[in-house]
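Open the model in your viewer and keep the sequence panel beside it. This tour tells you what to select at each stop and what you will find there.

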Amino acid sequence: MNISDFNLRHLRAAVAIGRLGSISAAAQAIHISQPAITQGLSKLEAMLGQLLFERRTEGMVATEAGHLLFPRVETALAHIISPRVTMTQLRALIALADAGGYAAASNETGLAQPSLHRAVGDLSVVLKRKLVERRGKGVALTDQGRRTARRFRLARAELEAGLSELAALLGRETGRITIGAMPLSRARILPAAVAAFHREHPDVAINIIEGAFHELIEPLRDGDIDLMIGAMRAPSPGPDVAQQPLFDDHPAVIGRKGHPALSDEPSLEKLAQYSWIIPAAGTPLRDGWARMFDKLSIPLPQVPIDCGSVITIRQILIESDFLTLLSPDQVAVELEAGWLVKIASIPEGYTRNIGVTTRTEWRPTAMQEKFLTILKAISKAI
């Protein structure tokens, strides 16, 4: 079952019936005839394979399926704004935003280019805003187009969550959890949580997207990612983003086996004489690394290489006298094998707050909530 198969007008009518308690009242409120609403509701329930209402003499009463679906639909419709927007238009704009052009969007969706042009053009008329503009031989979304595409993606995410919850009601574990994995989460906590969740819910798809914070935050805001796991940001990225702590990470100074810094008692003053490889400025690890030296009025060491890839850092450390600051969990295999060693602990008081980042208004499905429960339990154990 795909949300693109649904009619937004039918969903809007069902929500109105649930809110007002009768088809006649809904017809009057949304200006659609009673026969059209009745027919639309029948089609919607047939597609879902579930009744959304109990038909009673005193009116229409939402079933459990209706109570699950209607809040999701209401949120989706609030993102879409206009009652005149169709599912085809919503799908066309998202496809154009994702693909960057009509030809690529056509290949992605299977819709003919003229149909996509017409859908986006009609949408501009409905919303009374310019969504697309010519750029050379191609096209690009305007600022209003990008904002509208984000709202449509969030609407899509809500509808997909609603369908997942209805499937669970029928005893079918379906749906997808999309996780943005920042560097530290990939070492231990995320693999453990995913493995534990999959053992209990093998039919739920999990999509892991790796990246740095700046690469993942916009897809999160778009609704393409459900949650991010990794170092939290201070201050918060904005009121539309919520951060929930899981545990504190204590990094250490890491270098190769036989590193010359090990020849005597390593101090920060001595370690500052070596070259370092550290993630770029603005990341919690880099900022904390700088504070560590600033607090003791030690000039910052040379950083010839900015890098946030643990795989790359590991290999450079093994083959050179560079130093880095990492969680031992991130290089546990290399430490156990003796390729890398812990050169020194860092001063007390420096930690990274590791947590979950979500949209402020995100409401997890039952499956997503179960994953979060497992994630928190594993974090506590760590």
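**Stop 1**

Select Leu52. Setting aside neighbours within four places in sequence, Leu52 is in contact with Ala14, Leu41, Leu44, Glu45, Val61, Ala62, Thr63, Ala65, Gly66, Leu69 and Phe70. Contact here means heavy atoms within 4.5 Å.

A word on the source before moving on. This is a predicted model, in which local features need pLDDT of at least 70 and side-chain atom pairs count only at pLDDT 80 or more, while totals for chains, interfaces and linings use all residues. Residues are numbered from 1 along each chain as its sequence is written, and side-chain values use heavy atoms, with hydrogens and water left out.

**Stop 2: helices H1 and H4**

Select residues 8-20, helix H1, and then 64-80, helix H4. Helices (H or I, at least four residues) and strands (E, at least two) are DSSP runs, numbered from the N terminus. The axes of H1 and H4 come within 10 Å and cross at roughly 125 degrees. That makes H1 oblique to H4. Angles under 35 degrees count as roughly parallel, over 145 as roughly antiparallel, 65 to 115 as roughly perpendicular, and the rest as oblique. Axes are lines fitted to C-alpha atoms, for helices over the stretch in contact, and angles run from 0 to 180 degrees between N-to-C directions.

Show the side chains. Leu8, Leu11, Arg12, Ala14, Val15, Gly18 and Arg19 of H1 meet Phe70, Val73, Glu74, Leu77 and Ile80 of H4.

**Stop 3**

Go to His31, in the loop between helix H2 (23-30) and helix H3 (34-48). His31 is not a glycine, yet its phi is positive, about 60 degrees. Is His31 buried or exposed? At 72% relative accessibility, His31 counts as exposed. Buried means under 20% relative accessible area, exposed over 50%, and partly exposed in between (1.4 Å probe, protein chains only).

Next, pick Ile81, in the loop between H4 and helix H5 (87-99). Ile81 also has a positive phi, about 75 degrees, without being a glycine. Its relative accessibility is 49%, so Ile81 counts as partly exposed.

Then jump to Ala234 and Pro235. A cis peptide bond joins them, with omega about 0 degrees. Pro235 sits in the loop between strand S7 (227-231) and strand S8 (241-249).

**Stop 3: helix H10**

Select residues 213-222. Which residues of H10 are buried? They are Phe213, Leu216, Ile217, Leu220, Arg221 and Asp222. Their cover includes helix H8 (143-169), strand S5 (176-181), strand S6 (205-210), S7, S8 and strand S14 (352-359).

**Stop 5**

Select S9, residues 252-256; 4 of its 5 residues are buried. The 3 strands form an open sheet in the order S12-S9-S13, with antiparallel pairing. S12 and S13 stand at the edges with a single partner strand each, so one side of each has no neighbour in the sheet. Neighbouring strands are turned by 45 degrees against each other on average, direction ignored.

Two strands pair if DSSP finds at least two bridges between them. Among the partners in S13, Val341 bridges to Gly255 and Leu340 to Arg256.

**Stop 4: Ile318 on helix H13**

Finish with Ile318 in H13, residues 310-318. H13 lies across S9, S12 and S13, running at about 135 degrees to S12. Ile318 is partly exposed, at 28% relative accessible area. Beyond four places in sequence, Ile318 touches Arg256, Trp339 and Leu340. Draw a distance from Ile318 to Arg256: the C-alpha atoms are separated by 5.1 Å, although the residues are 62 apart along the chain.
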